[in-house]
Amino acid sequence: MLSRLPGRPAREWNPLTLAVLTALWIAAVANWPLWRALFALPESANTRGVLFALGFAGLIAALTLLPLALAAWRHAIKPAAALLLVPAAAGAHFMGTYGVVIDSTMMTNVLQTNPTETRDLLSLRLILSLLLIAALPIAWMWRLPLQQRRLGTQLGRNLIGMLGALAIGGVLLFAIFADLSATMRNHKSLRYLINPHNSFYALGVLAHQANAKPAGPPLPIGQDAALAARPATAKPPLFLLVIGETARADHFSLNGYTRPTNAKLATLDVVSFRDVTSCGTNTAASLPCMLSHLGREAYGARERDQENLLDLAWRAGLAVLWIDNQAGCKGTCERVPHAQASQGAPSELCSEGDCLDDALLHGLDERIAALPAERRARGLLLVMHQMGSHGPAYWRRSPADGKPFLPECETNVLQQCDRQALVNAYDNSIVHTDRVLARSIAWLERQRAAFEPLMLYVSDHGESLGENGLYLHGLPYAVAPREQKHVPMLVWTPSADQRHCLAAQRDAPLSHDHLFHSVAGALGIQASEYRAAFDLFAACRAP
Ligand SMILES: [Zn+2]
C-alpha cells in the first residue's frame, strides 16, 4: 500500500531541472511577441511554418539553457533564473504592446529616459506581464527545496546539461537553417525580438561601444570659426531653432494633411519643406546626429565624438542658449549655456513633472538678458527642445482648451484604444505645437528692433500610430517604416524675398544632414566644417 509517511521530506529538485524549466518557459512564454510576429507572416501559415517555429523555440531554449546550466547550483539557480525572467517579462511587454524591438539604440533610449517618461510607460499591462511571465514562475520556484549534491556530481550534471544544450541547439540550427536564414533576411527586425537575449545583446553592444570610444571630451570643431563681416547698419542675427519631438510630417496640414492641424501657422509667413528625413528613429540617436556637421552616414561611422553646432556658434563668438522641455539634450548642450524650461515655469503649465511647451517661452527675455552682452551683440543661437508629441501619453501634450479633436485615447496601452481616438490625441499634440510655434514667431516679431530674426523648426523623428501593428518609434533605421523617419521642417522669415526663394526647395529631398550647415550659414559663421551644398539658405540670403 502506498501512502505518504508523515514527516517525509518533500521532493527535492535538482538545480539543473529548474534551469531547463526556466529555459523552456522563456522560449515558449516570454517570447510571445516573437511567435506572434512569426505567425503573422504568410510563409508561416503551413505545417512547415509550424515545424520551423517549434525548432526556433527549441533553439532559443537551448541558447537560454547555456548560461543557466552554468549557474545551476543550489544557491545560484533561483537568482540566476530571476535575472533572466524579469527583463524577459518587461521586454515581452514593451515589444508585445508597442511593436518596438530592442536593440542598442532602443536600450540607449531606455537608459537615458527620465522618471516622468518612465511613468508614462508604466501601466497595468506591464505589471500584469511582470506578474504572469516573471513573478509566477519565480514564486513557484522559490518554494522548492533543492538537492544538495557533491560538488563534482553537480558539476558533472551541469556539464552534461550544457553539452546537451549545445548538441540540441546545433541539431536544431542545422535542421531549420534554410528557413531561419531566409526569415531573418526577409524580416530583419525579428532578430531583435528574441527575448531576453536582445536586451543583453544590446547592453553588450553599448558596453563595447563605451569601451571602444576613447575617453575624454569630444574632438573640437570650428577651430578656425569666424563671423562674416556685417554692414554697420545691419542688426545681429537671432536664429531660433525649435527641435520638435515625435512629430510626423504627414500630420501637418501645411504638408497636405486633411485635418486642420496648422491653423495658426497657415496664417503666418512660413515655408514648409515636405520631404525631410530624420537622422535616427529615436531622440538619443537623432539629436546628436542632427546637430553634427558629419551627416547621417559619417556620423554613424565616426570613431570619436565631435563637437556640434552649439560649440561652433559659441566658438565663433555668438551667444548660445539651449532651453529644454524634455529629458535633456543628450550631452549636446553641456558646453554652452542651457536651462530647463520647467525652472520657474508657472504651475498651470506643468503637472506631474511635465510642462506644456509654452514653458519654453516663459521668462525668455530674462534668460537671454543673462547671456554675455558682447556675444549677444554679435548674434544669438537660441534652441528650444520641445516635448512636442512625446508618446505614449499624447493626450498630456495639449491643454484642455486646445483639443479640437475628441475623444482622445487616454491610456498608455495604445493598441487598446480606438484608432481614431489615438490619432485624435496625437493630432491635438500637433495642434499644440502649431500654437507654440505661432507664439514663438510672435515673440520673434517683437525682437526685430534689436535682431534680424529667423526660425527653423524640425522634428527629431516621426512616430508609428498603429500602421502594420507598430506603435511609438525607435525601430532600427534600416527597417523603420517611413512614418518614423519622415519629419516636418519649416522656416519662418520676415523677408518675403527669402521666403519665395526658399519655396523653390519645398519638395526637394532634404534631411537632418542640412541642419548644421543651414544654421551656421544663416548665422554668418565661417568654418572649415561648413558645406554650402547642405545650406538651405545658401542661395536665399536675407537682404
Ligand atoms: Zn525624440
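In this predicted model, Glu-352 sits in the loop that links strand S6 (350-351) to strand S7 (354-355). Its phi is near 50 degrees, a positive value in a residue that is not glycine. With a relative accessible area of 54%, Glu-352 is exposed, because the cut-off for that class is over 50%.

A second residue with a positive phi is Thr-246, where the angle is about 60 degrees although the residue is not a glycine. Thr-246 belongs to the loop between strand S2 (237-244) and strand S3 (270-277). Its relative accessibility is 0%, and Thr-246 therefore counts as buried.

The discussion now turns to the metal site. The zinc ion has protein donors from Glu-245, Thr-283, Asp-460 and His-461. Along the chain, the donors follow the spacing E-x37-T-x176-D-H. Both Asp-460 and His-461 are buried.

Two peptide bonds in the model also deserve attention. The bond from Asn-195 to Pro-196 is cis, with omega near 0 degrees. Pro-196 is placed in the loop between helix H8 (151-186) and helix H9 (197-212). Another cis peptide bond connects Gly-391 with Pro-392, and its omega is about 0 degrees. Pro-392 is found in the loop that runs between strand S8 (380-385) and helix H15 (419-446).

Helix H1 (residues 15-30) packs with helix H7 (residues 124-142) at an angle of about 160 degrees, and their axes are 11 Å apart. H1 and H7 are therefore roughly antiparallel to each other, since angles over 145 degrees fall in that class. The crossing of these two helices, H1 and H7, is right-handed. On the H1 side, the contact is formed by Leu-18, Leu-21, Thr-22, Trp-25, Val-29 and Ala-30. These residues meet Leu-132, Ile-133, Pro-137, Trp-140 and Met-141 of H7. Sorted by class, the contact of H1 with H7 comprises ten nonpolar residues, one polar residue and no charged residues.

Definitions and conventions
Residues numbered from 1 in each chain as written. Predicted model: local features only at pLDDT ≥ 70, side-chain atom pairs only at ≥ 80, totals over all residues. Heavy atoms only, no water. Helix = DSSP H or I, 4+ residues; strand = E, 2+ residues; numbered from the N terminus. Buried < 20%, exposed > 50% of the residue type's maximum accessible area, 1.4 Å probe, protein only. Axes fitted to C-alpha atoms, helices over the stretch in contact; angles between N-to-C directions. Parallel < 35°, antiparallel > 145°, perpendicular 65-115°, else oblique. Left-handed = near helix turned anticlockwise from the far one by under 90°. Contact = heavy atoms within 4.5 Å. Nonpolar A, V, L, I, M, F, W, Y, C, P; charged D, E, K, R; others polar. Donors = N, O, S within 2.8 Å, 3.2 Å for Na, K, Ca; no water.
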